[in-house]
Amino acid sequence: MKKFLFLLVFIPIVSFGQNGTTTKSKSSVYLEVGGVAGLWSLNYDRELWEINENFRLHGKAGLGMYSEFNGAGFPDIIIPISNMVLWGEGTHRVEAGGGITYYNWTLRDPLKPDGFSRRSDLLGHLILGYRFQKLEGGLMFRVTYTPVIINDSNNPFEHWAGGSIGYTFKTKLKNKSKLGN
(Lines give C-alpha, C1' and ligand atoms only; values in the text may rest on other atoms or scores of the structure.)
Protein backbone atom coordinates (compact mmCIF):
# COMPACT_ATOMS: atom_id res chain seq x y z
CA MET A 1 0.00 0.00 0.00
CA LYS A 2 2.87 2.39 0.82
CA LYS A 3 4.36 1.76 -2.63
CA PHE A 4 1.05 2.55 -4.28
CA LEU A 5 0.70 5.84 -2.35
CA PHE A 6 4.33 6.70 -3.13
CA LEU A 7 3.72 6.18 -6.87
CA LEU A 8 0.45 8.07 -6.71
CA VAL A 9 2.27 11.11 -5.30
CA PHE A 10 5.63 10.69 -7.10
CA ILE A 11 4.38 10.31 -10.70
CA PRO A 12 2.56 13.68 -10.83
CA ILE A 13 5.57 15.42 -9.21
CA VAL A 14 7.95 13.91 -11.78
CA SER A 15 5.69 14.86 -14.68
CA PHE A 16 5.33 18.45 -13.43
CA GLY A 17 9.05 18.64 -12.81
CA GLN A 18 9.84 17.68 -16.40
CA ASN A 19 7.85 20.49 -17.97
CA GLY A 20 10.16 22.95 -19.69
CA THR A 21 10.32 24.94 -22.88
CA THR A 22 11.98 24.26 -26.19
CA THR A 23 11.88 26.16 -29.44
CA LYS A 24 10.42 24.78 -32.62
CA SER A 25 9.67 26.69 -35.77
CA LYS A 26 6.15 26.54 -37.17
CA SER A 27 5.61 29.82 -39.09
CA SER A 28 7.65 31.49 -41.81
CA VAL A 29 7.39 34.64 -43.90
CA TYR A 30 9.30 34.86 -47.16
CA LEU A 31 9.66 36.71 -50.43
CA GLU A 32 9.42 34.47 -53.46
CA VAL A 33 10.77 35.58 -56.84
CA GLY A 34 9.19 33.64 -59.69
CA GLY A 35 7.27 30.64 -58.43
CA VAL A 36 3.51 30.13 -58.32
CA ALA A 37 2.67 33.86 -58.36
CA GLY A 38 4.69 34.71 -61.44
CA LEU A 39 7.07 37.58 -60.82
CA TRP A 40 7.08 37.87 -57.03
CA SER A 41 4.98 37.28 -53.92
CA LEU A 42 5.12 37.77 -50.18
CA ASN A 43 4.12 34.52 -48.45
CA TYR A 44 3.11 33.17 -45.05
CA ASP A 45 3.86 29.49 -44.45
CA ARG A 46 2.68 27.43 -41.45
CA GLU A 47 3.29 23.88 -40.32
CA LEU A 48 -0.16 22.30 -40.08
CA TRP A 49 0.74 18.80 -38.98
CA GLU A 50 3.92 17.03 -37.93
CA ILE A 51 3.26 13.56 -39.28
CA ASN A 52 6.55 12.32 -37.82
CA GLU A 53 10.12 13.64 -37.45
CA ASN A 54 10.76 13.39 -41.19
CA PHE A 55 7.35 14.36 -42.65
CA ARG A 56 5.45 17.60 -42.12
CA LEU A 57 2.38 19.05 -43.81
CA HIS A 58 2.58 22.81 -44.50
CA GLY A 59 0.11 25.32 -45.84
CA LYS A 60 0.95 28.67 -47.40
CA ALA A 61 -0.78 31.73 -48.77
CA GLY A 62 0.76 34.63 -50.61
CA LEU A 63 0.12 37.94 -52.28
CA GLY A 64 1.73 39.28 -55.42
CA MET A 65 0.98 42.40 -57.42
CA TYR A 66 2.03 43.44 -60.87
CA SER A 67 1.37 46.56 -62.91
CA GLU A 68 2.39 47.37 -66.45
CA PHE A 69 1.91 51.07 -65.63
CA ASN A 70 -0.55 51.29 -68.51
CA GLY A 71 -2.98 53.64 -66.80
CA ALA A 72 -5.51 50.85 -66.28
CA GLY A 73 -5.86 51.62 -62.59
CA PHE A 74 -5.47 48.92 -59.97
CA PRO A 75 -2.55 46.48 -60.47
CA ASP A 76 -2.90 42.79 -61.25
CA ILE A 77 -3.41 40.70 -58.10
CA ILE A 78 -2.04 37.19 -57.68
CA ILE A 79 -2.95 35.09 -54.60
CA PRO A 80 -1.37 31.60 -54.40
CA ILE A 81 -2.67 29.10 -51.83
CA SER A 82 -0.80 25.80 -51.45
CA ASN A 83 -0.30 22.69 -49.34
CA MET A 84 3.05 20.94 -49.28
CA VAL A 85 4.56 17.86 -47.69
CA LEU A 86 8.11 18.42 -46.43
CA TRP A 87 10.34 15.40 -46.20
CA GLY A 88 13.84 15.17 -44.77
CA GLU A 89 15.96 15.34 -41.67
CA GLY A 90 17.24 18.37 -39.83
CA THR A 91 17.52 21.57 -41.84
CA HIS A 92 17.40 20.07 -45.35
CA ARG A 93 14.00 19.13 -46.76
CA VAL A 94 12.37 18.25 -50.06
CA GLU A 95 8.95 19.81 -50.54
CA ALA A 96 6.21 18.61 -52.86
CA GLY A 97 2.66 19.83 -53.19
CA GLY A 98 0.19 21.89 -55.12
CA GLY A 99 -2.62 24.36 -54.93
CA ILE A 100 -4.48 27.12 -56.71
CA THR A 101 -3.57 30.65 -57.74
CA TYR A 102 -6.22 33.36 -57.97
CA TYR A 103 -5.21 35.73 -60.74
CA ASN A 104 -7.08 39.03 -61.29
CA TRP A 105 -5.52 40.85 -64.22
CA THR A 106 -5.98 43.70 -66.66
CA LEU A 107 -6.28 43.11 -70.40
CA ARG A 108 -6.72 45.41 -73.33
CA ASP A 109 -10.37 45.83 -74.35
CA PRO A 110 -11.14 48.18 -77.27
CA LEU A 111 -14.86 48.13 -76.38
CA LYS A 112 -14.27 49.84 -73.01
CA PRO A 113 -13.94 53.64 -72.79
CA ASP A 114 -10.54 53.45 -71.06
CA GLY A 115 -9.36 50.57 -73.31
CA PHE A 116 -9.01 47.99 -70.50
CA SER A 117 -11.09 45.40 -68.67
CA ARG A 118 -10.39 43.02 -65.80
CA ARG A 119 -10.53 39.25 -65.77
CA SER A 120 -10.22 36.68 -62.96
CA ASP A 121 -8.89 33.16 -63.32
CA LEU A 122 -8.13 30.24 -61.02
CA LEU A 123 -4.98 28.41 -62.06
CA GLY A 124 -3.63 25.18 -60.62
CA HIS A 125 0.02 24.78 -59.71
CA LEU A 126 2.45 22.12 -58.54
CA ILE A 127 5.49 22.54 -56.30
CA LEU A 128 8.67 20.47 -56.21
CA GLY A 129 11.67 21.92 -54.46
CA TYR A 130 14.36 22.10 -51.83
CA ARG A 131 14.01 23.97 -48.53
CA PHE A 132 16.69 24.96 -46.02
CA GLN A 133 14.99 25.73 -42.71
CA LYS A 134 16.42 25.40 -39.21
CA LEU A 135 14.12 23.60 -36.78
CA GLU A 136 14.70 26.29 -34.15
CA GLY A 137 13.92 29.18 -36.54
CA GLY A 138 15.92 31.88 -38.26
CA LEU A 139 16.89 32.42 -41.89
CA MET A 140 15.32 30.08 -44.45
CA PHE A 141 15.43 29.72 -48.22
CA ARG A 142 13.75 27.66 -50.93
CA VAL A 143 14.38 26.76 -54.57
CA THR A 144 11.38 25.32 -56.43
CA TYR A 145 10.08 24.11 -59.76
CA THR A 146 6.47 25.34 -60.00
CA PRO A 147 4.57 24.50 -63.19
CA VAL A 148 1.30 26.38 -63.60
CA ILE A 149 -1.70 24.47 -64.95
CA ILE A 150 -3.94 26.43 -67.34
CA ASN A 151 -7.19 24.65 -68.12
CA ASP A 152 -8.34 26.52 -71.24
CA SER A 153 -5.04 26.57 -73.14
CA ASN A 154 -3.44 24.58 -75.95
CA ASN A 155 -0.38 24.36 -73.72
CA PRO A 156 -1.80 23.42 -70.28
CA PHE A 157 1.57 23.61 -68.45
CA GLU A 158 3.66 26.75 -68.12
CA HIS A 159 7.03 25.92 -66.64
CA TRP A 160 8.07 28.24 -63.82
CA ALA A 161 10.75 28.16 -61.17
CA GLY A 162 11.17 30.21 -58.03
CA GLY A 163 13.55 31.18 -55.30
CA SER A 164 12.58 32.31 -51.82
CA ILE A 165 14.32 33.90 -48.87
CA GLY A 166 12.71 34.62 -45.55
CA TYR A 167 12.56 34.16 -41.83
CA THR A 168 11.16 31.36 -39.68
CA PHE A 169 9.77 32.58 -36.36
CA LYS A 170 10.91 30.96 -33.14
CA THR A 171 8.08 29.55 -31.03
CA LYS A 172 8.42 28.39 -27.46
CA LEU A 173 6.58 25.16 -26.78
CA LYS A 174 6.11 23.46 -23.44
CA ASN A 175 7.45 19.95 -23.21
CA LYS A 176 4.98 17.44 -21.90
CA SER A 177 6.24 14.45 -20.02
CA LYS A 178 5.19 11.07 -21.33
CA LEU A 179 4.10 10.22 -17.80
CA GLY A 180 1.91 13.30 -17.55
CA ASN A 181 -0.11 12.63 -20.72
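1. Ground rules. Residues are numbered from 1 along each chain as its sequence is written, and side-chain values use heavy atoms, with hydrogens and water left out. As this is a predicted model, local features need pLDDT of at least 70 and side-chain atom pairs count only at pLDDT 80 or more, while totals for chains, interfaces and linings use all residues.

2. Salt bridges. The structure holds nine of them, each being a side-chain nitrogen of Lys or Arg within 4 Å of a carboxyl oxygen of Asp or Glu. I'd look at Glu32 to begin with: Lys60 bridges to Glu32 with the closest N and O atoms 3.2 Å apart. Strands here are DSSP runs (E, at least two residues), numbered from the N terminus.

3. Arg142 has a relative accessible area of 2% and Glu32 one of 1%, so both count as buried (under 20% relative accessible area, 1.4 Å probe, protein chains only). Lys60 is buried as well.

4. Arg131 and Glu95. These side chains meet in a salt bridge at 2.8 Å, N to O. Arg131 lies in strand E7 (residues 116–133) and Glu95 in strand E6 (residues 92–108), 36 residues apart. Arg131 is buried at 0% relative accessible area, and Glu95 is likewise buried at 0%. Shared partners join Glu32, Asp45, Lys60, Glu95, Arg131 and Arg142 into one network.

5. Asp76. Asp76 is in strand E5 (residues 76–87), and its side chain reaches the backbone nitrogen of Thr106 at 2.9 Å. Beyond four places in sequence, its contacts include Tyr66, Trp105, Thr106 and Arg118 (heavy atoms within 4.5 Å).

6. The cavity. There is one cavity of 30 Å³ or more, meaning a set of points on a 1 Å grid over the protein atoms alone where a 1.4 Å probe fits but cannot get out. The largest cavity has a volume of about 90 Å³, taken as the space filled by probe spheres set on the points. Its lining is 11 residues, with Ser25, Arg56, Arg93, Gln133 and Leu135 nearest the centre; lining residues have an atom within 4 Å of a point.

How values were computed. Helix = DSSP H or I, 4+ residues; strand = E, 2+ residues; numbered from the N terminus. Polar contact = N/O pair within 3.5 Å; in protein donor to acceptor, adjacent residues only side chain to side chain. 1 Å grid on protein atoms, 1.4 Å probe; cavity = no way out; pocket = protein on both sides within 12 Å on 5 of 7 lines; lining within 4 Å. Buried < 20%, exposed > 50% of the residue type's maximum accessible area, 1.4 Å probe, protein only.
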